[in-house]
Amino acid sequence: MGDTTFAPDSPNTTQPIAGRNGTPLERRMLKRGVPGEVGIWAFILTDMSVFAIYYIVVALSRSRQPEVFLHGRHLMSLPTGLLNTFFMLTASLFVALAVQYIRQGRNGTSQVLLVGAGLCGTGFVITKYFEWGAKLAAGYTPLSDNFFQLYFMLTGIHLLHVLVALVVLAYMSRKVTHIRQVPAASQMRFIENGASYWHMVDLIWLGLFALLYLAS
Amino acid sequence: MTTTPVRSTVTSVRFIVGAWLTLLALTLLSGLFGAEHAVGALGVKGIDTAILLIAFAKVFVIAHAFMEHRHAAGWLRLSFAGWYVLVCGTLMALYWM
């Protein structure tokens, strides 16, 4: 009860997903056991590892210039960071729910949820625009000191990920419009890939929020 | 040979929403730790440790609930577990230096 079966990995299928009543071949394919495709997880783990290196660079830089980082952290707006974290988490909620509803064939509801996720993602981008604007207006640029160099660079790279994720969301929504009742295996794989990418973008933000807005 | 298309059973909506509420609560908790007046008895290093642990707890919740790792293959869960331990451990060591 509550077991999730992921879309099979067969490359050329447009057949609807078969569950426990499927053929032996389909049952073997369902044992792949990851949402989407294995390749997206290789990408996700790689990207997470890159950001892990960024996190460690922040920590190393802070250990060498603790007063610079403390000063920079005091200039960060905690309410803005909390708002952006709310946007990221809620977008992930909507995407996760959309995946469940797509599996149930409730495509209309899933579209509403995907729009909701898009609005949250857009809210994040707009908040980041105003946050950066405020910093720049106050005279803090990527050249000010090591803290602000890392702040602008890392939140900028993350912002690029968010923009890509919004495009992915649009493609996911388009994919849902092509679903007739139950999604085909290839359609479900695409949607699971996109959802997994979105959750990775959320996950990466949590590390940046902790290191740049919270930790001393 | 024909196959009967069967919709897979789904992770419950309640579980996903519950995970989101947990994430919000952990975020607010870490926000309290990160606020200026929250140093108190824990000290700066204690606060930083709490913030990092909460951050990685949130990462785990996202992977477990949103990324559906509780149903996923062992190699994926193990890879993520390795990432949590390595990255969190390294950061805590650097913050304690």
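Entry 1: I began with helix H5 (residues 107-137) of chain A and helix H7 (residues 185-214) of chain A, which pack at an angle of about 30° with their axes 13 Å apart. I took axes as lines fitted to C-alpha atoms, for helices over the stretch in contact, with angles running from 0 to 180 degrees between N-to-C directions. Helices here are DSSP runs (H or I, at least four residues), and strands are runs of E of at least two, numbered from the N terminus. The angle makes H5(A) roughly parallel to H7(A); that label covers angles under 35 degrees, with over 145 roughly antiparallel, 65 to 115 roughly perpendicular and the rest oblique. I noted a left-handed crossing for H5(A) and H7(A), meaning that the near helix is turned anticlockwise from the far one by less than a right angle, clockwise being right-handed.

Next I listed the contact, defined as heavy atoms within 4.5 Å. H5(A) brings A:Ala117, A:Gly121, A:Phe124, A:Lys128 and A:Glu131, and H7(A) brings A:Trp198, A:Trp205 and A:Tyr213. By class, I have 5 nonpolar, 1 polar and 2 charged residues in the contact of H5(A) with H7(A). Ala, Val, Leu, Ile, Met, Phe, Trp, Tyr, Cys and Pro count as nonpolar, Asp, Glu, Lys and Arg as charged, and the others, Gly among them, as polar.

**Entry 2: ground rules.** I am reading a predicted model, where local features need pLDDT of at least 70, side-chain atom pairs need 80 or more, and totals for chains, interfaces and linings use all residues. Residues are numbered from 1 along each chain as written, chains are lettered from A and ligands numbered from 1 in written order, and side-chain values use heavy atoms, without hydrogens and water.

**Entry 3: H4 and H6.** The axes of helix H4 (residues 78-103) and helix H6 (residues 146-177), both of chain A, come within 13 Å and cross at roughly 25°. So H4(A) is roughly parallel to H6(A). Their crossing is left-handed. A:Met88, A:Val95 and A:Ile102 of H4(A) meet A:His158, A:Val162, A:Leu169, A:Met172 and A:Val176 of H6(A). I sorted these residues into 7 nonpolar, 1 polar and no charged.

**Entry 4: chain A overall.** I find 7 helices and 0 strands in chain A. Of its 216 residues, 57% are buried (under 20% relative accessible area; exposed is over 50%, partly exposed in between; 1.4 Å probe, protein chains only).

Entry 5: Which phi does B:Glu68 have? I read a value near 65°, positive in a residue other than glycine. Most residues other than glycine have a negative phi. B:Glu68 sits in the loop between helix H2 (43-66) and helix H3 (74-96) of chain B. It is buried, at a relative accessible area of 5%.
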